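These are my notebook entries on a single structure, kept in the order in which I looked things up.

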Amino acid sequence: MIARKNSAALLARAAAVIPGAVNSPVRAWKAVGGATLFIAHGQGATVIDADGNRFIDYVGSYGPAILGHAHPEVVAAIAEQAAHGFGYGAPTELEVAIAERVAAAIPMARKVRLVSSGTEAGMTAIRLARAATGRSRIIKFDGCYHGHSDALLVRAGSGVMTLGVPDSAGVPEALAALTRVAQYNSLEAVERYFLAEPREIAAVIVEPVAANMGVVPPAPGFLKDLSDLAHRYGALLICDEVITGFRLRYGTAHEIFGAEPDLVMLGKVIGGGMPIGAVAGRADLMDLLAPAGPVYQAGTLSGNPVAVRAGIETLSILARPGTYERLEATSARLGDGMAEALRDAGLKGCVNRVGSLVTAFLGVEAVREAEAARRADTALFARFFHAMLERGIYLPPSQFEAMFVSLAHSEGDIDRTVAAARESLAEIAKF
Ligand code: PMP
């Protein structure tokens, strides 16, 4: 058994002063049971907890750590910027540079507004869509997560799905009632909503690759048809690329699938691990934002120079030749290895993988939407999680969070992980 004395002491201290002992719910391990570990530091693909236990990390800060932890070039960039100050409440050249970089990599992103989180990006995108269309309703997909703003916290994935609560207390019914929910990978319900309210829907919002109900790839044609449908009814398409942006390729994922969003949300990777978010899109829409236009949006730390420096450095490393090919090879080795391990253990399950986003669903043969994801055997997943932890592998503590592979994961790390998965699956299959 791994040592847990220091983590346990920290958890007790945290419980006294932090609600639920954590600053974001999934960190509390409610879905897998047991006491969460406190991380002391990270280096490359490894995290080390407060008791000195070392783990190969597949949480990756839930997406930002695509280069691994504490990449030396990013650390140097942050240190250099920090010596010049952490923020001025005035514009900087760095903000221009990152906006230019993002716009150059994403053809539809003519203008870019930086915020400090994916949640803010979602709030701003929805407000823009409502202002531009003069409509109030939105359509989202069951199991997709777009941050914790009121309108978007309806049938959301991620922690909401993990905790098994359908919605959040404190969201006014009147606001939740403006949100329509459809099954991912199915146009039927979307079409029905448009037929029923042809001039009421401001926007459809979607993760181009769903990654908050576990990883679920879009069905062929789904995103292209969704674009066409939304546009036919005068609604906007918002692609939430907070996870997928600059993770699946240098730029956005929607282009892979032929979607034509009017706005995109970004976050995670573009901040290199520092707090960031962004909305980007058509110039006419983006120019509705204050002070150019009437849609108010602001942030004391928006475009924070330390975060932006970390982001620029991360993007410049990602832009080097061969980066995404290498990430794909490592991720395929993991996905294939896990799938084989599942088969060899004789356990029902499936591995969904899109690039460096991987989920092994236990107890279900195929997952294409949230209903199937919910049928996964979460109790079995909890046992798998702990069996892997004991073998030095740190998985996201929920069946519904993606494993994030980074460029710091070596073939050796992957092979150790797959070997641990084989042992863990054999162990849990005995029950
Ligand atoms: N959109 C997606 C697709 C996400 O995965 C997340 C967070 N996991 C968000 C939005 C919200 O981002 P943040 O946690 O930075 O507010």
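Predicted model: local features only at pLDDT ≥ 70, side-chain atom pairs only at ≥ 80, totals over all residues.

Entry 1: The search of the whole structure returned three cavities of 30 Å³ or more. I noted 13 residues in the lining of the largest cavity, with T359, A360, F381, E401 and M403 nearest its centre. The most comes from β12, which gives three residues. Sorted by class, the lining of the largest cavity has nine nonpolar, three polar and one charged residues.

Entry 2: I then turned to the second largest pocket, for which I recorded a volume of about 520 Å³. Its lining numbers 21 residues, and V112, R113, L114, A290 and P291 are the closest to the centre. Here α3 (93–105) and β4 (111–115) are the elements that give two or more residues to the lining. I counted the classes in the lining of this pocket as 12 nonpolar, four polar and five charged.

**Entry 3: aromatic pairs.** The structure holds eight aromatic pairs, and I examined two of them in detail. Y184 and F222 are edge-to-face, with 5.3 Å from centre to centre and 65 degrees between the planes. This pair links distant parts of the chain, 38 residues apart: Y184 sits in the loop between β6 (179–182) and α7 (188–196), and F222 in helix α8 (residues 222–232). I found both Y184 and F222 buried. I also noted that ring pairs join F141, Y184 and F222 into a cluster.

The other pair I examined is F246 with Y250, also edge-to-face, at 5.0 Å centre to centre and 85 degrees between the planes. Is F246 buried or exposed? F246 counts as buried because its relative accessibility is 0% and the cut-off for buried is under 20%.

**Entry 4: strand β8.** I asked how many residues of strand β8 (residues 236–240) are buried. The result was five of the five, so the strand is largely enclosed by the rest of the structure. Both faces of β8 are covered, with L236, I238 and D240 buried on one side and L237 and C239 buried on the other. Strand β7 (residues 201–206) runs parallel to β8 and is joined to it by four bridges. For V206, I traced the bridge partner in β8 to C239.

**Entry 5: an open sheet.** I next followed a sheet of four strands, which is open, has mixed pairing and has the order β1-β2-β3-β13. Its edge strands are β1 (39–43) and β13 (393–394), each of which pairs on one side only. Within this sheet I checked strand β2 (residues 46–49) against strand β3 (residues 54–57): three bridges pair them in the antiparallel sense. T46 stands opposite I56 in β3.

**Entry 6: helix α11.** Finally, I checked the length of helix α11 (residues 323–345). Its 23 residues should span 33 Å at 1.5 Å a residue, and the end C-alpha atoms are 33 Å apart, so the two values agree. After α11 comes G346, for which I recorded a positive phi, near 70 degrees.

Methods
Residues numbered from 1 in each chain as written. Heavy atoms only, no water. Expected span 1.5 Å × (residues − 1). 1 Å grid on protein atoms, 1.4 Å probe; cavity = no way out; pocket = protein on both sides within 12 Å on 5 of 7 lines; lining within 4 Å. Points joined across faces, edges and corners; volume = space filled by probe spheres on them. Nonpolar A, V, L, I, M, F, W, Y, C, P; charged D, E, K, R; others polar. Phe/Tyr/Trp six-rings, centres within 6.5 Å; stacked < 30°, edge-to-face > 60°. Buried < 20%, exposed > 50% of the residue type's maximum accessible area, 1.4 Å probe, protein only. Pairing = 2+ DSSP bridges.
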